[in-house]
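Good morning. Please have the sequence and the model open, and follow along as I go through a few side chains.

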Amino acid sequence: MSAPTRRLTTAQALVRFLSAQYTERDGVRRRLIAGTWGIFGHGNVAGVGQALMEAGIGPGAVMPFHQGRNEQSMVHAAVGYARQLNRLSAQAVTTSIGPGATNLVTGAALATINRLPVLLLPGDYFASHAPDPLLQQLEHPVEADVSVNDTLRPVSRYFDRITRPEALIPSALQAMRVLADPAETGAVTLALPQDVQAEAYDWPEEFFAERVWYVRRPAPDPVELAAAVEAIRSAERPLIVAGGGVHHSEAEQALKAFVEATGIPVASTQAGKGSLRHDHPADLGGIGHTGTAVSDELARTADLVIGVGTRYTDFTTASGTLFQHPGVRFLNLNITGFDAHKLAARTLVCDARSGLEKLAEGLAGHRVPEAYEAEYRAGKERLDEVVEAAYRADDENAVPTQTQVLGALDAAVGDDDVVINAAGSLPGDLHKLWRSRSPRQYHLEYGYSCMGYEIPAGIGVQQAAPGTPVWALVGDGTYLMMPTEIVTAVQEGLPVNIVLLQNHGYASIGGLSEETGGERFGTAYRFRGADGTFTGAPLPVDLAANAASLGMDVLRAKTVRELREALAAARASDRPTCVYVETDPAPTAPPAEAWWDVPVAETASREAAVEARERYDRQVADRRRHL
């Protein structure tokens with residue numbers, strides 16, 4: 001007797017399949033694909049669009065639908081959602097063909113680089129090639145099966161083009177496997193030709209059965225574990241570098257217990273900040289180019305660096321110049337072998353929580369020397385004084401500096417508020433100064449450092465954690481990149497708060513340009529001067545009025561006192577609210593404590609660039625290959 005089947009279009013079958021997928025870790029079950037973002041065009045409106053409509057509308061929908069305004073920002077929203085839920089639940093994004101599909105590339109790269117799951121469902125050319133060429137088709141002279149969606153291949157962890165209905169079955173299962181695997185996850189792309197989306201097929205009923213994808217917590221290999229325990233026992237000055245894997249694994253309590261048992265201090269990457277609460281005596285704040293003085297001082301003298309869930313980007317390693325102890329060794333605990341083997345390290349390829357727990361068992365009774373503990377605790381006290389000084393505003397009627405904005409926000413937020421940022425000068429100030437009070441409060445996307453991420457990610461966080469106050473911190477440059485999802489926040493009644501800092505240009509890159517001999521060329525938002533450079537008056541752009549025109553409540557703050565009042569009002573509001581403030585450009589953040597490699601022109605006619613190259617040659621000489 002033949003197995004029962006159900007006749008559906010490919011798009012209908014995909015939506016039905018996605019609605020029955022779950023993850024489970026530690027006995028907690030979640031929808032793997034909790035909803036779908038979409039912008040419809042001719043490439044998906046009659047296929048996926050029709051299927052989503054049939055899946056239902058409203059709170060009880062089989063597949064909840066979210067209407068977006070920009071394809072890239074829809075991916076950012078989905079990524080913010082997945083990160084807030086520690087990668088245990090994700091969202092899908094559907095677009096038309098052509099520009100709608102290629103607009104996904106930036107978001108896909110961000111998701112994959114940050115190891116965060118998102119399912120992409122772009123429309124594609126006709127598999128039958130019946131209309132050829134069709135609207136928005138890329139015609140390749142020697143590869144007829146190439147479409148613009150192939151730009152998504154290098155930024156996807158899994159990619160397939162579904163050219164026949166039945167091909168969906170193995171591909172959809174592979175897609176779910178990758179999304180749910182903490183060692184493999186990232187962007188997954190299923191390109192859907194228009195004709196195949198609408199084609200009917202007799203699908204086996206078992207394809208639509210509820211399926212649970214168990215998220216593993218692999219334990220460390222006993223041989224690797226024994227070597228790791230011995231390495232830590234023999235170290236005099238060990239330092240933990242906590243990365244995003246601590247959060248994804250929900251290993252914060254395991255890390256805290258490990259640190260309190262051994263006395264080993266913790267410095268955090270951008271993704272790992274908040275692994276310990278800021279007032280824990282072993283939490284030394286950020287590390288690397290945007291790190292704190294105490295973290296970077298200890299990193300230079302550490303004889304064992306213990307990476308937990310980190311990718312060791314150039315900001316963390318100060319472009320290979322940070323870890324300078326002659327005999328420094330590395331021990332990397334990571335769920336991916338690819339990351340665990342970086343810096344020629346001893347490896348523990350395992351889940352962060354299970355690995356830390358096993359290390360704690362093996363190190364029972366071991367503790368770092370008292371003098372080392374006293375040293376970093378004194379450094380921690382100095383750090384607290386630096387933060388207080390940067391946040392302090394002696395004149396409540398003055399225009400706030402950027403760090404005073406952070407100080408005012410620090411006073412306004414509760415322990416569970418979420419602060420989101422991604423690009424500009426704010427990530428550096430936040431990494432040095434922000435006092436994280438809970439594991440997910442500090443939400444910095446710095447793997448791709450994508451301008452425009454903050455506002456849509458705030459929407460994703462709101463969807464993942466309804467009722468949680470969310471703050472998207474953006475400068476004027478970032479705001480102009482992608483304010484469009486404000487409309488979505490207004491439409492859905494999501495009370496995302498935007499703190500919009502106006503400094504009339506690309507402040508971060510302006511500073512970097514000056515440091516590297518570029519003399520701030522092309523970084524200010526100003527009219528052209530008489531010499532053709534952008535040195536005239538500031539542009540008469542009113543970003544607060546723009547936010548209001550998109551439906552937000554807008555609060556303008558000109559002084560520190562007005563800023564504090566506006567932040568309090570925004571937090572109390574149940575509507576999307578923008579706090580707009582022009583900042584004093586005077587630098588008030590602590591200087592960089594470690595280098596970052598941005599190559600400077602080797603030959604130049606202007607003195608600024610010549611001097612910058614001389615500084616560069618001195619600094620690059622400190623780079624070290626850890627082999």
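A charge sits over a ring if NZ of Lys or CZ of Arg is within 6 Å of the ring centre and within 35 degrees of the ring normal. One case in this predicted model is R556, whose charged end sits over the ring of Y580, 5.7 Å from its centre. Another is K273, with its charged end over the ring of Y442, 5.6 Å from the centre.

Now rings with rings. A pair of aromatic rings is described by the distance of the centres and the angle of the planes. The structure holds 11 aromatic pairs. In one of them, Y312 and F330 have ring centres 6.3 Å apart and planes at 85°, so this pair is edge-to-face. Y312 is in the loop between β15 and α12, while F330 belongs to strand β16, 18 residues apart. Both residues are buried.

F315 and W596 also form an edge-to-face pair, 4.4 Å centre to centre, with 65° between the planes. F315 counts as buried because its relative accessibility is 11%, below the 20% cut-off. W596, at 25%, is partly exposed.

Ring pairs also link F17, Y201, W203, F207 and F208 into a cluster.

Last, D410, in helix α16. Is D410 buried or exposed? D410 has 7% relative accessibility, so D410 counts as buried. Its side chain makes a polar contact with the side chain of R435, at 2.8 Å. Among the residues that D410 touches are Y391 and W434. The C-alpha atoms of D410 and W434 are separated by 7.6 Å, with the two residues 24 apart along the chain.

Definitions and conventions
Residues are numbered from 1 along each chain as its sequence is written. This is a predicted model: local features need pLDDT of at least 70, side-chain atom pairs count only at pLDDT 80 or more; totals for chains, interfaces and linings use all residues. Side-chain values use heavy atoms; hydrogens and water are left out. Helices (H or I, at least four residues) and strands (E, at least two) are DSSP runs, numbered from the N terminus. Buried means under 20% relative accessible area, exposed over 50%, partly exposed in between (1.4 Å probe, protein chains only). A polar contact is a pair of N or O atoms within 3.5 Å; within protein, one must be able to donate a hydrogen and the other to accept it, and residues adjacent in sequence count only if both atoms are side-chain atoms. Contact means heavy atoms within 4.5 Å. Rings of Phe, Tyr and Trp (its six-membered ring) pair if their centres lie within 6.5 Å; planes under 30 degrees apart count as stacked, over 60 as edge-to-face and the rest as tilted. Lists of a residue's contacts leave out its neighbours within four places in sequence.
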